[in-house]
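Biologist: Please take a close look at charge pairing in this protein. I would also like to see the setting around it.

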Amino acid sequence: MLKRLTTATSLCASIAVWQGMPQALHAQTIFDDEPMTDAQISAAPLATSAGEAALAPAAPALNNDLLGDGTPARAELVAVEPTANVTLPGSRPVSDNTDEAATVLADNMILQGDRTLIAAGGVVVWYQGARLVASRLIVDGATGDLTIEGPIHLSQPGANDPDSEAILIADSAQLDRELQDGVVRGARLVIARELQLAADELTRSSNGRMTSLTHVVASSCQVCASDPTPLWEIRARSITHDAETSLLTLDRPQLRAFGVPIAAAPFTITAPDPTVERRSGFLRPEFRTTSGLGFGVKIPYFQTLGDSADVTITPYVSANRTRTLEFRYRQAWANGVAEWDGAVSRDDIEPGETRGYLFGNAIYSLPRGYRMGIQLQVASDRGYLLDYDITDADRLWSGITLERVTRDRLFVGRVGNYHSLRDDEDNDTSPNQVADVLWQRRFTPRGIGGEGLMEWSVHAHRRPSDEDIIGQDEVRGSLGLDWRRTEILPGGFVGSAIAGLDADLYHIVQDSRYDEIVTRVDPLLGVELRWPLMATSSGATHMVEPVVQLLWSPRGEDDDIPNEDSRLIEFDEGNLFSDNRFPGWDARETGLRANIGVSWTRIDPNGWSLGLTGGRVIRAHADPDFPVDSPLAGKRSDWLLAAHYDSGTGLALANRSLFNDSFNFSRNELRLGWLRNNLEVSAGYLWIDSDEDEGRDEDTNELTAMIGWQIADGWWANAETRYDFVADEAQKATLDVAYRNECLTLEMGLSRRFTDSYSVRPETSFDLSVRLGGFGSQKDGQGTVARRSCMR
């Protein structure tokens, strides 16, 4: 009995409801796979669409987003627009005119006794959107019943979505005048051009809604006459298809692979047809083996809670290693969407301890274009997030955000709490509670013209510790004004006048090294001269632009203000001509300085392009706010040289170097991207000298690479690695392989994490999942689909 129950459960997990994303059935906003602009939190893609050049992903620039602090970003939440008018698959509007005539085409037509019509030879009938193709048709004028001889092909090409409609193929049939109800012999039902059901006899009722097949074989695999055994098939005493609910009911099904029975269910089960994107039921099981948890299996159950909410419960068990319950809850409204993910575990890694995590995320559209975000991230320990493959983040942030972006205004606000999972960070002495408000307005000043920018910001952070210095708390208010006017001068020169003013007010407590109230005002004046030049040679376009920017602000040292947000300093072509290269507010460039550089771009008529940018910063006096080892320290900064190449056919290269007058390199970054139909490569190499002021006691020398390639028809592989040359060991390595044909999807993943610390140990894991096609909708994957070809 136990053996039978195990076999039945295996079959249920194989053919029960596979999860899709929800679809809209009424005028409400719900989840979907396709992103929508109003309810989506953006995330940088790893690659662009096929045919476009892409560079390897780089670390996000500091202050590039609301957080910009290494905490895991909010999960990507998406919703679809509400749909008010939906036609359910299989249903069709009933005509008010019961006497609507059918259109019949045939080689020969005979009318017998004024009551019976016989059509033979190439018969085609159109009636209320349905189309019937047969070799012979007999119409009983008294009852309207049809006797049809095949081969028969019955479809509904005039439907809203013809590809999702069921197609009936048979040897013979007896149908009513509506071409809907009746008995069909030697039938084959094809649903959404994917799932095929073959039976000795088929019966249709309820105006074509219910289709019942007896002694039936179902499969989505290609079946050839020379080799009629499909890769997999399901045999059942009967299968009933409800065209309105898109539900299949299977009576005592048996699953076969290569014609060999492998599982059976001695009862009736239900499954969605290929058109279903969202329905309650079991999802495909996932098998997972890790060095820390052993062999285990996940069997998720998906439950809809109306049209705009659902919950997924996933038990995860392994051989005496873990007992875990995972869950995900999603809810969508007309103006927002939310998702909650979490898990609770008892395992052998931490015996006797209850471990778990909870991540919540919501975003709402408010009046006047405001958007509010809510995020919650808590975990028992960092090792849990890694052991259960949730995230590799080591800092978590929970809080509320509010933002509004218009053509000339920007408002961003947040308040929340940080929690560090790092072994070397103490949450009591770290700024945990943080609040930020930033408001910017762009305008055109009257009288002087040009473009102005007004900025107002407030920042506050608090450390839980009450001790002096290590428990330092701070509140800052800042006001900034920037103005620039650009004019075209004689000789093709472009000149700009620059002015600005920054004022700050600090309130510092629990730090005896600083005054409690500190104020700072920094004016800025500058000019900029550009000379854009363009020439053509052998059909290629060359563009050269030398730039000189002269800036002045009163010299000063910010040693009376603690530097909390400007320790990691970037110097690249993006800020070569910036008036301030500090990423935050606590430090600011001062003194007389000149930013000089030149750029050259070649655009070839064959589609490829090459660009070079070089320059440096020259100062009248060294700026003491830059650390000694910084490439911007001293009177002369390091030289910056950046190169970009785009083949125009999917290959892109970028390299950025910083070196001094003796050609001693302090930083170098190389990125490569290559996109083809059967190959995706994204790689990056980074070298940075050690800098104690930036928290790097050792040199950084790393290689990161990701590659995806078409191994063979239907086979696609993704590999990723990160190697630390200083430690002479890999940090992470993964390999994912997927096989897809017309009726089966097989996914395998092998990963190895080499990180070793007090709370984290190295781990190897292997994941496996199998999905049968034809039950529930499925998104297209990467690469091609292997299809069986039938040789005649």
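Modeller: I will start with the ground rules, go through the salt bridges, and then turn to their surroundings.

This is a predicted model: local features need pLDDT of at least 70, side-chain atom pairs count only at pLDDT 80 or more, and totals for chains, interfaces and linings use all residues. Residues are numbered from 1 along each chain as its sequence is written, and side-chain values use heavy atoms, with hydrogens and water left out.

The protein chain has two helices and 43 strands. Both kinds of element are DSSP runs numbered from the N terminus: helices are H or I with at least four residues, strands are E with at least two. Of its 792 residues, 41% count as buried. Buried means under 20% relative accessible area, exposed means over 50%, and partly exposed lies in between (1.4 Å probe, protein chains only).

Now the charges. Side chains of opposite charge can pair when their charged atoms come close. A salt bridge here is a side-chain nitrogen of Lys or Arg within 4 Å of a carboxyl oxygen of Asp or Glu. The whole structure holds 41 of these salt bridges.

Take Arg-520 and Asp-504. Their closest N and O atoms are 2.9 Å apart. Arg-520 and Asp-504 are both buried.

Next come Arg-656 and Glu-573. Their side chains form a salt bridge at 2.8 Å, N to O. This pair links distant parts of the chain, 83 residues apart. Arg-656 is in strand β36 (residues 651-659), while Glu-573 is in the loop between β32 (540-553) and β33 (591-603). How accessible is Arg-656? It has 18% relative accessibility, so it counts as buried. Glu-573 has a relative accessible area of 23%, so it is partly exposed.

Arg-581 and Glu-589 make another salt bridge, at 3.1 Å from N to O. Arg-581 has a relative accessible area of 3% and is buried. Glu-589 is buried too, at 2%. Elsewhere, salt bridges that share partners join six side chains into one network: Asp-347, Arg-355, Asp-381, Asp-387, Arg-753 and Glu-763.

There is also a covalent link. A disulfide is a covalent bond between the sulfur atoms of two cysteines. The cut-off used here is a pair of cysteine sulfur atoms within 2.5 Å. The structure holds one disulfide. It joins Cys-221 to Cys-743, with 2.0 Å from S to S. The torsion about the S-S bond of Cys-221 and Cys-743 is about 85 degrees, so the disulfide is right-handed. The two cysteines belong to distant parts of the chain, 522 residues apart. Cys-221 is in the loop between β9 (210-219) and β10 (232-242), and Cys-743 is in the loop between β41 (729-740) and β42 (744-753). Both Cys-221 and Cys-743 are buried.

Then the nonpolar side. In soluble globular proteins, nonpolar side chains tend to be buried together. A nonpolar core is a set of buried Ala, Val, Leu, Ile, Met, Phe, Trp, Tyr and Cys residues joined through side-chain atoms within 4.5 Å. The largest has 44 residues. Those with the most contacts inside that core are Ile-148, Val-184, Leu-197, Trp-232, Ile-239 and Leu-248. Apart from it lies another core of 12 residues, among them Ile-349, Tyr-388, Leu-396 and Leu-421.

Last, the surface. The protein chain exposes about 40,200 Å², and carbon and sulfur atoms supply 55% of that. Accessible areas come from the Shrake-Rupley method with a 1.4 Å probe; for residues, only the protein chains shown count as cover. A nonpolar patch of about 500 Å² is made by Met-454, Trp-456, Leu-479, Leu-481, Leu-501 and Val-521. Patch residues have over 30% relative accessible area and no salt bridge; like charges are joined within 9 Å, and nonpolar side chains (Val, Leu, Ile, Met, Phe, Trp, Tyr) within 5 Å. Strands β27 (451-462) and β28 (473-488) each supply at least two residues of the nonpolar patch. Trp-456 lies in β27. Trp-456 is partly exposed, with a relative accessible area of 41%.
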